[in-house]
Amino acid sequence: MKAAIELTNLRKEFGAKVAVNDVSFNVGEGECYGLIGPNGAGKTTTFSMMCGFLFPSSGTIRILGADPFEPGALKGKVGVLPQDAVLPASWPVGSLLMYLAKLSGLPNPEKEAREVLDRVLLPETWAVPAGAMSHGMAKRIAMAQALMGNPPVVFLDEPTAGLDPKIAAQVRQVIRDLKGNATVVVSSHNLQELEELCDSTAILDKGRLVKAGTMSEMTGQLAEFRVQIARGPVPMDEVKALSGCRTASLEQNNTVLVVHFDGQAVQPEDIISRTVGLLVQRQVLILGVSRGKRLEEKVLQLT
Amino acid sequence: MNDIHEIKEIWQGEIGRALKGGRVVVLLILFLLFIGLALTIVGSINYGLNGKIDEALQQGQVDKAAAAAQAIESRKKVLSTFFTDDESLLEFLATMPLVLFVVFKLTMMFGPLFIALMGFDQISGEIGPKSIRYLVVRVKRSSILLGKFAAQATLASGLLILCTIVMVVVAKVLNDDFAVGAAVLMGFKLSAVLVVFALAYLALSSLCSSVTRQSGVSLVLNVILLFVVWAMALIGNLVRLPGEEAAFGTLASLKPEHWVGYMRFGSVWNFGQDLLHPEPARFLSAGMVHLGFALFFLGLAHLALRKRDL
């Protein structure tokens, strides 16, 4: 896959503090990519450097082959939802979006502005001053400006932070709709959301890249599954003897069977079906089956 | 071409925002109140003097031409003591009604402060709350700077021209001998002088706003730099340049010679008065100096903004 975003040995210092240290990863074209890490991990700093807001102390960034610090290099190529950036309070939303559309060089600013307000489900805010918006509405307006003109690269910093569940679900749907049409980078603390949305992810901790890879690799979806046991003795020897099984163990007071398998040698659906079949045959009652581990577990394990 | 389009869009947006924001209107009212107060005080003195001259004329103590000539001579004496030794500039200034001259000088003195109050947060007001991030992914940083500078220049020019019109109209009302044609010409000249004069201070305001992310700090910095600009011109003019000639009996002849005099050339304030000079070479060179300072300050602002984290 061709890389839309390339970060090489990126480093950022604020005085004596090193906020980002030797971070390198690529984001493929059309991918939805998550930036994960605890507070102070360097997510927003990395994000801000990708958007051209902060200059790296060393290292390079390429966005669609261009240097984001070259004046005007990102024009029309990138949409950004920055974290904590305040919308100019005195502007009515419609006028603000039209102004930003004009600055982006879009041919029909009013049409673009109205369309994008519809996408974030806020068409009624056209004449309302941006300063009069609630937090959730302001976030969606900020999201709207990032989507105007359908830029090929979209950066979203904490897109659902502080939103109520219903609005957050709507925002997630907007991001889902972007998949395949744009390269999307999402920085968030909401790991469940990232697990659901992203194809790949990078985990940062204390300014360093801890791990980067596809979501399947991160969560072990191609190498691990869990069976929740309700009742009955699990025939461990028979499970371990199944073709493709590497290890099997019981966890959480024998209520969860964890099976690691050789993802290269056997298809997940094949070994999962055979394992469940064996358990049913031996009259073990099961409550559910899940592939891999939660992203949250992986992040907690790595950071 | 793309840059000009970006600058134009920022300029239009900023003008609209400023007019909706209300600060410009409040500042205009304040400045007009200030001018009104100055006009009232100087105008009443002027009115009293004119009344006395009229009284003397009616009693036949002096003839009209002699009174007018004497008034001009006394005005030139005052001006040569407090403002300039330059003969041709004195001739020109003496033709201005006293009320117009005094209030115009006050406007030149306080104009830079007015400009600072109007534009101190043009850039810093966007960096602090990070709203500039919505702009920098769309336009060049230089376009933001120049677009905002152009908007401030447009607004300041409009306000200063309006103030000049008020001054000229009041001066005409108070002085019967100030002919309509002369008043119109004077209005054009003084407006042009104020617009050119304002350029360097507008650019200084842009510079102060570009070097910090806190609006309050940029205002304080701007005011401090204005004092530095005034102080450099003042101190530089307290002495004569080494080897500089001064006619006997003039104010300049009383000043000692010292190299500190060169300090005046580092201050744009020093060249403000020359914008009123009747000789084209003098007012054109003063205009170029103002433009040069404006470009210098804008260049520094661009350097500050180009490489800073936002």
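Modeller: What follows is a walk through the sheet of chain A, strand by strand. Residues are numbered from 1 along each chain as its sequence is written, while chains are lettered from A and ligands numbered from 1 in the order in which they are written. The model is predicted, so local features need pLDDT of at least 70 and side-chain atom pairs count only at pLDDT 80 or more, whereas totals for chains, interfaces and linings use all residues.

First, the chain around the sheet. Chain A has ten helices and 13 strands; these are DSSP runs numbered from the N terminus, with helices being H or I of at least four residues and strands being E of at least two. The C-alpha trace of the chain spans about 70 × 45 × 35 Å along its principal axes. Of its 303 residues, 41% count as buried. A residue is buried if 20 or more other C-beta atoms lie within 10 Å of its own, exposed if 12 or fewer do, and partly exposed in between, with the C-beta atoms placed from the backbone. Two residues are in contact if their C-beta atoms, again placed from the backbone, lie within 7 Å. Of the contacts in chain A between residues at least 6 apart in sequence, 68% join residues at least 24 apart.

Now the sheet. It is open and made of six strands, in the order β5-β6-β7-β3-β8-β9 of chain A, with mixed pairing. Two strands pair if DSSP finds at least two bridges between them. β5 (78–81) and β9 (208–214) of chain A have a single partner strand each and stand at the edges, so one side of each has no neighbour in the sheet. From one strand to the next the twist averages 15 degrees; axes here are lines fitted to C-alpha atoms (for helices, over the stretch in contact), and angles run from 0 to 180 degrees between N-to-C directions. Strands of a sheet pair through backbone hydrogen bonds, either parallel or antiparallel.

β5(A) pairs with β6(A) in the parallel sense over four bridges, and G79(A) stands opposite V154(A) of β6(A). V154(A) also stands opposite V184(A) in β7(A). Strand β6 covers residues 153–157 of chain A, and five of its five residues are buried. In a regular strand the side chains alternate between the two faces of the sheet. Both faces of β6(A) are covered: V153(A), F155(A) and D157(A) are buried on one side, and V154(A) and L156(A) on the other. Five bridges, in the parallel sense, connect β6(A) to strand β7, residues 183–187 of chain A.

Next, the other end of the strand order. Strand β3, residues 32–36 of chain A, pairs with β8(A) in the parallel sense over four bridges, with G34(A) opposite T201(A) in β8(A). Five of the six residues of β8(A) are buried, so this strand is largely enclosed by the rest of the structure. β8(A), residues 200–205, is joined to β9(A) by six bridges, and these two strands run antiparallel. L204(A) stands opposite L209(A) of β9(A). β8(A) and β9(A) form a hairpin with two residues between them, and K206(A) in this turn has a positive phi of about 50 degrees.

In the contact between the chains, chain A supplies 25 residues and chain B 22 residues. On the side of chain A that touches chain B, the elements giving two or more residues are β5 and α2 (93–103) of chain A. The largest share, four residues, comes from α2(A). By class, this side of chain A has 17 nonpolar, five polar and three charged residues. Ala, Val, Leu, Ile, Met, Phe, Trp, Tyr, Cys and Pro count as nonpolar, Asp, Glu, Lys and Arg as charged, and the others, Gly among them, as polar.

To put the two ends side by side: β5(A) is an edge strand and also gives residues to the side that touches chain B, while β9(A) is an edge strand and takes part in a hairpin with β8(A).
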